[in-house]
Amino acid sequence: MLTAATLTRVVSAALEEDAPWGDVTSTALIPAETQAIADLVAREHGVFSGGEVFAAAFTLTDPDVAVDLHFADGDSFVAGDVLATVTGSARSVLTAERIGLNFAQRMSGIATLTAAYVAAVEGTGVRIADTRKTTPGLRAFERHAVRSGGGSNHRTTLSDAVMAKDNHLAVIRRTGDDLAQALRTAFAQLPHTTHIVIEVDRLDQIPDVLAGGAHTVLLDNFTLDDLRAGVALIGERATAEASGGVNLDTVRAIAETGVQVISVGALTHSARALDLGLDIRID
């Protein structure tokens, strides 16, 4: 969740990183009394995300700067649209410009890519979800952008749910214990509200995982035929989730196998920053 505290902390750190002892260029070249108006302009179409973050870059630099957002997070836009207008000290606007743009471009890129995946599975009822493959320190921002694009969030941290992947299961198997019993024993120690996700990469793993108490079975890098077979094996005993090999060319066919969730790491680790510009004019 993108909280006010997280927003302030992360944006403040970005501003400090970019201008640790002030903006010497703007201070040297721009008279202190100069006022400016700047428009955040889309150079291409997309889905907006990060409006509050963009605004915070300017208001944390200078509380007297005003930012008017003309589009809400989740709104679609086309090239030429003015997404926001910034008014205030020219020095402050120039100092915060790059940080505000970086966040808006990155988050809108994620939202736009997510929206494309959501549109590709329209009508199937499948949920498009992100993963923990996020930029360290920016997870809350990138997860917010996924929601702006109509996607869903997976577990946010390692503390939120049990998610046993191939390496976890490999360690369990080395003990020689029966997998189903080992899972039941481990999960008996957890609160009953804890959600349990188990990743499998073969059909023959599914019965033991279900017997072990999985709430979600993550079918990783399965063929379409094996996905259909996996969904049939799981039935209504757990949620069927697909991952691996997912792109805009394959996601529709994966959705049509009957899975309920498709997790896509590319939403956050491979999204292209959108081309947004800040066009400034002096008042």
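## Close-up views of the predicted model

**Figure 1. The lining of the second largest pocket comprises 4 nonpolar, 6 polar and 4 charged residues.** In this classification, Ala, Val, Leu, Ile, Met, Phe, Trp, Tyr, Cys and Pro count as nonpolar, Asp, Glu, Lys and Arg as charged, and the others, Gly among them, as polar. The structure is a predicted model, in which local features need pLDDT of at least 70 and side-chain atom pairs count only at pLDDT 80 or more, whereas totals for chains, interfaces and linings use all residues. Residues are numbered from 1 along each chain as its sequence is written, and side-chain values use heavy atoms, with hydrogens and water left out. The second largest pocket holds about 300 Å³ of space. Of its 14 lining residues, Asn153, His154, His195, Thr216 and Glu241 are the closest to the centre. Two or more lining residues come from each of β6 (127-129) and β10. A pocket is defined on a 1 Å grid over the protein atoms alone, as an open set of points where a 1.4 Å probe fits, with protein on both sides within 12 Å along at least five of seven lines; its lining residues have an atom within 4 Å of a point. Grid points are joined across faces, edges and corners, and the volume is the space filled by probe spheres set on the points. Helices (H or I, at least four residues) and strands (E, at least two) are DSSP runs numbered from the N terminus.

Figure 2. At least two lining residues are supplied by each of β9 (216-220), β10 (239-243) and α11 (266-269). By class, the lining divides into 5 nonpolar, 9 polar and 8 charged residues.

**Figure 3. The largest nonpolar core contains 73 residues, with Phe58, Val217 and Ile262 making the most contacts inside it.** Such a core is a set of buried Ala, Val, Leu, Ile, Met, Phe, Trp, Tyr and Cys residues joined through side-chain atoms within 4.5 Å. Helix α4 (residues 90-120) gives the largest share of this core, 9 residues. Neighbours within four places in sequence aside, the residues in contact with Val217 (heavy atoms within 4.5 Å) include Ile198, Val200, Ile206, Val209, Leu210 and Ile234.

**Figure 4. Strand β8 (residues 196-200) is mostly covered, 5 of its 5 residues being buried.** Buried denotes under 20% relative accessible area, exposed over 50%, and partly exposed the range in between, for a 1.4 Å probe and protein chains only. In a regular strand the side chains alternate between the two faces of the sheet. Ile196, Ile198 and Val200 point one way from β8, and Val197 and Glu199 the other way. Two strands pair if DSSP finds at least two bridges between them. β8 pairs in the parallel sense with strand β7 (residues 162-164) over 3 bridges, and Ala164 stands opposite Ile198. With β9, β8 likewise pairs in the parallel sense, over 4 bridges; here Val197 stands opposite Thr216.

**Figure 5. Leu218 lies in strand β9.** Leu218 is buried, with a relative accessible area of 1%. Apart from neighbours within four places in sequence, Leu218 is in contact with residues including Met163, Lys165, Val197, Glu199, Glu241, Ser243 and Ser263. The C-alpha atoms of Leu218 and Ala242 are separated by 5.7 Å, although the two residues are 24 apart along the chain.

**Figure 6. Arg143 lies in helix α5 (residues 139-148).** Arg143 is buried, with a relative accessible area of 2%. Beyond neighbours within four places in sequence, Arg143 is in contact with Asp130, Thr131, Arg132, Asn153, His154, Arg155 and Thr156. α5 is mostly covered, with 7 of its 10 residues buried, among them Phe141, Glu142, His144 and Val146. The buried residues of α5 pack against α1 (4-18), β2 (46-47), α3 (51-59), α4 and α11. Gly150, which follows α5, has a positive phi near 95°.
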